[in-house]
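Here are some notes for a colleague who is opening this structure for the first time. They are set out as numbered points, to be read alongside the sequence and the view.

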Amino acid sequence: MSRFLFLSLPLAGHVNPMAAVSRTLVQQGHEVAWAGSESFLRPLLADDTTVYPIGLRLHRGQSDLGMTATRSRWEGYIVPHCRFTRPAVEQAVQAYRPDVMVVDQHAVAGALVAHRHGLRWASAAPTSMELTRPYRALPKVESWIHGQLAAMWTAAGLSGTPPHDLRFSPHLVIAFSSKALTGTAPLPENVEFVGAAVAGRPPGADFPWERLDPGRRHVLVTMGTLSMDIAKDFYERMVAALRSLGDRLQAIVVAPEGTVADPPEHVMVFPQVPMLDLLPRLDAVVSHGGLNTVCETLSHDVPLVIAPIKGDQPINAAQVAAAGAGIRVRYVRATPEELRTAVLAVLDDPTYRAAAARVGESLRAAGGASAAARHLALLAQPVSSLRQTELRTTDA
Amino acid sequence: MNELFAEIVALLRDVTGEDAEWMAGIQPATTLDGDLMLESVELTALSAALQRRYGPGVDLAGYVAGLDIDQIIGLTVGEVAEYVAAHGIRAGEVVG
């Protein structure tokens, strides 16, 4: 049995799949600890998981879009998170002495500390943002990101330059996605695709199942946790798009109370829903395209309409559209007519559901949290002489 | 240049599906990323529309690919017009 130390960001979309892997490792008898915010992590982790505390520091709101969002993700989030968490991660490693660290691609402190201690470590990609080099067509943006990583390396007191891209462990990269989605995008050779990791997630909210009419089709609208004004605007356009379709569908809209004024009978609004219980009963999902939502939806063979907002969402939307498993619409500007056309297309054209089933099959076959746990347990095993040489070289 | 600017604003309206009121608010200093919230698919469509109209020498996507992150964030409609003026042809004449 081995000891694993996990490090992610205090963001549900990042932590949820990694927490599923953490729980699976604990169930298999391994020891797992996390470095992070106790109050944020505790509800997501198995009871006997140690949490080495890092204060939950609030970062500047992530309200930007486009390239501005990319700059603020690094300057306003990833870099400060690294600076703020590195001493605590260092202490956690010294106290816990893990065999393997599991490090979110955006939690760069974990990569730095693993290097300093010569530890084996795995990168985790709970989003698609860094996995497929999305800025390869913008070389100066890529080099700017490498500059940020090099500055973090230097700030940690490490000499020279990073020996490799710190977002990618040379030992193992776990991607919560599928090659059926990433397609032909360039990838490091040590990427293991595990699909959606949802095992052991606590049950979600109650739901009035009796309100679902078996004679109509069911569309879930979920745009993640947003505070931007344009989120309300999108919901208004979406409800307008669905208003005339009460004869054939019911819509379940996940939104804060008051977001949708006077919804028609067939549009039900809830602040939260038990997504995993609902998915088997859905015919389509309208989403912002977060990777967890996309993979969980496709794992149930359900096609998507994606209105990507920022981060990896445009990447996921493009991947889903390329796989034929859904339609990308514009978040800021799609008209109710465009939205209605897209929803009706994924409902009525069987090729979308067939493509969703193809991707879904690959996601289910990828093995989820237990496959990730298997790869991590292998990485933690005493290394063969060949592997040891390789590791020593890397860690030197 | 003013005429060219107006043409480019009209092309922006076409690729975004926006209206005359939206067009009227666009100034040379308006940024594509922050102000217009142009999505990558819309930028690609604009690039193609500019090339159709002003010739193969106009490659906005290629121009953007050579910019650094601050330049991409700061890219204005006026700068696009200047780029087109420097590289485009219209009805056999140099645009600018």
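**Notes on the model**

1. Ile315(A) counts as buried, because 23 C-beta neighbours lie inside 10 Å and the cut-off for a buried residue is 20 or more. The model is a predicted one, and this should be kept in mind for each of the points that follow. Ile315(A) has its place in helix 10 of chain A, which covers residues 313-323. If neighbours within four places in sequence are left aside, Ile315(A) is in contact with Ser128(A), Thr132(A) and Pro134(A). The C-alpha atom of Ile315(A) is separated by 30 Å from that of Arg243(A), a residue 72 places away along the chain.

2. The helix that holds Ile315(A), helix 10 of chain A, lies across strand 12 and strand 13 of chain A, and its direction runs at about 135° to strand 13 of chain A. Those two strands run parallel to each other and are joined by 3 bridges. Within strand 13 of chain A, Gly326(A) is the residue that stands opposite Leu304(A).

3. In what order do the strands of the open sheet in chain A follow one another? The sheet is formed by 6 strands in the order 10-9-8-11-12-13, with parallel pairing. Strand 10 and strand 13 (326-328) of chain A are the edge strands, each of them pairing on one side only. On average, and with direction ignored, neighbouring strands of this sheet are turned by 15° against each other. Helix 9 of chain A also packs on the sheet, where it touches strand 8 (217-222), strand 11 (284-287) and strand 12 of chain A, and its direction makes about 175° with that of strand 11 of chain A.

4. Two aspartates of chain A deserve a careful look at the backbone. Asp301(A) has a positive phi of about 65° although it is not a glycine, and Asp262(A), likewise not a glycine, has a positive phi near 50°. Asp301(A) is found in the loop between helix 9 (291-299) and strand 12 (304-306) of chain A, while Asp262(A) is found in the loop between strand 9 (249-254) and strand 10 (267-270) of chain A.

5. Chain A is divided into domain 1, made of residues 3-195 together with 367-395, and domain 2, made of residues 209-365. The contact between them takes 21 residues from domain 1 of chain A and 20 residues from domain 2 of chain A. On the side of domain 1 that touches domain 2 in chain A, helix 1 (12-27) and helix 6 (179-182) each supply at least two residues, and helix 6 of chain A gives the largest share, 4 residues. By class, that side of domain 1 has 9 nonpolar, 11 polar and 1 charged residues. The C-alpha centres of the two domains of chain A lie 30 Å apart.

6. The last point concerns the two chains. 14 residues of chain B are in contact with 16 residues of chain A. Helix 5 of chain B, residues 69-74, provides the largest share of the side of chain B that touches chain A, namely 3 residues. The residues on that side of chain B divide into 6 nonpolar, 4 polar and 4 charged.

Definitions and conventions:
Residues numbered from 1 in each chain as written. Chains lettered and ligands numbered in written order. Predicted model: local features only at pLDDT ≥ 70, side-chain atom pairs only at ≥ 80, totals over all residues. Contact = placed C-beta atoms within 7 Å. Nonpolar A, V, L, I, M, F, W, Y, C, P; charged D, E, K, R; others polar. Buried ≥ 20, exposed ≤ 12 C-beta atoms within 10 Å, placed from the backbone. Domains from an automatic or database assignment. Pairing = 2+ DSSP bridges. Axes fitted to C-alpha atoms, helices over the stretch in contact; angles between N-to-C directions.
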